[in-house]
Amino acid sequence: MALSQKQISGIKAVIFLLALLPFFRLVAFAFLDKLGANPVEFITRNTGDWTLYFLCIALAVTPVRRLLNVPWLLKLRRMLGLYGFFYASLHFLTFLWFDHFFDVQEMWKDVLKRPFITVGFIAFVGLLPLALTSTNGMIKRLGGKRWQLLHKLVYVIVPFGVLHYYWMKSGKHDLTQPLMFAALVGTLLLARVWWHWSATARNQASA
Ligand code: HEM
């Protein structure tokens, strides 16, 4: 399905606004005092969920684009990934601010003490270079090949995010949702491996 540049810009604008809704919902809940008995837990979990949703959606863009033959979906990927980073930053900020009151040393101790947080922290740090190099200027400066290689980091970061979720929930003996995310992310990554292998096999056959 081919779309005009104007239609793609329209879709982008709608998704941009829709992606802000979880943030404004949190702000509204805070003002209306509807964050429940444990507001910090509510915000941490909510922002953690939305981080994972956006990272998975960004990871799904390429397989969906190929399967449904909708090339313009690629134009949404950067924005979706950046929203993943936006919610990850809120998630981390909640932890640093409300759990540790900006005491970086205390935060650091907590990160090292609790393995599920160590893993989440690694995933967040991994997202930083991707977010910082997401501008057109940086793509040019790095060169397409190097930029693409760097952005392959996301194939490690998202599984780390899922592991973080799994580890957190394993302490609560509630693994259904983390396992669903693991299956989803595993499928999205395996689809890439499959396409890569079949392209290599085709190239070898035609050589
Ligand atoms: C890409 C990075 C990350 C992803 C995808 C992610 C995702 C999540 C998810 C899905 C949850 C559970 C939400 C729920 O129960 O519904 C969660 C909880 C949590 N995350 Fe993360 N997270 C990330 C990074 C971090 C970082 C950097 C920290 C802190 C350094 C962190 C600290 C926590 C804490 C403290 C909880 C809540 C534990 C609880 O309420 O018992 N996360 N995260």
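Predicted model: local features only at pLDDT ≥ 70, side-chain atom pairs only at ≥ 80, totals over all residues.
The protein chain contains nine helices and zero strands. Its pattern along the sequence is accordingly written α-α-α-α-α-α-α-α-α. Taken along the principal axes, the C-alpha atoms fill a box of roughly 60 × 40 × 35 Å.

The unreviewed UniProt entry lists residues 12–32, 52–68, 80–98, 118–137, 149–167 and 179–197 under "transmembrane region". Two of these stretches were examined for secondary structure and span. Residues 52–68 are 100% helix and 0% strand. The end C-alpha atoms of this stretch are 23 Å apart. Residues 179–197 are likewise 100% helix and 0% strand. Here the end C-alpha atoms lie 26 Å apart. The unreviewed entry also carries the annotation "domain: Ferric oxidoreductase", which covers residues 51–161. In the model, residues 51–161 are 86% helix and 0% strand. The end C-alpha atoms of the annotated range are 9 Å apart.

Helix packing was considered next, starting with H2. Helix H2 comprises residues 39–68, and helix H9 comprises residues 176–206. Their axes come within 9 Å and cross at roughly 30°. An angle under 35 degrees counts as roughly parallel, and H2 and H9 are therefore roughly parallel to each other. The crossing of H2 with H9 is left-handed. On the H2 side, the contact is made by Leu-52, Cys-56, Leu-59, Ala-60 and Pro-63. H9 contributes Phe-181, Leu-184, Val-185, Leu-188 and Ala-191. By class, this contact has 10 nonpolar residues, no polar residues and no charged residues.

H2 also packs on H8. The axes of H2 and H8 are 11 Å apart, at an angle of about 145°. This crossing, too, is left-handed. Thr-51, Leu-52, Leu-55, Cys-56 and Leu-59 of H2 meet Val-154, Val-158, Gly-161 and Tyr-165 of H8. The contact of H2 with H8 divides into seven nonpolar, two polar and no charged residues.

Helix H1 covers residues 5–31, and its axis comes within 10 Å of that of H3. The two axes cross at roughly 15°. H1 and H3 are therefore roughly parallel to each other. Their crossing is right-handed. Ile-8, Lys-12, Ile-15, Phe-16 and Ala-19 in H1 meet Lys-75, Leu-76, Met-79 and Tyr-83 in H3. The contact of H1 with H3 has seven nonpolar, no polar and two charged residues.

How values were computed:
Residues numbered from 1 in each chain as written. Axes fitted to C-alpha atoms, helices over the stretch in contact; angles between N-to-C directions. Helix = DSSP H or I, 4+ residues; strand = E, 2+ residues; numbered from the N terminus. Parallel < 35°, antiparallel > 145°, perpendicular 65-115°, else oblique. Left-handed = near helix turned anticlockwise from the far one by under 90°. Contact = placed C-beta atoms within 7 Å. Nonpolar A, V, L, I, M, F, W, Y, C, P; charged D, E, K, R; others polar. UniProt positions renumbered as here; feature names shortened; annotations may be inferred.
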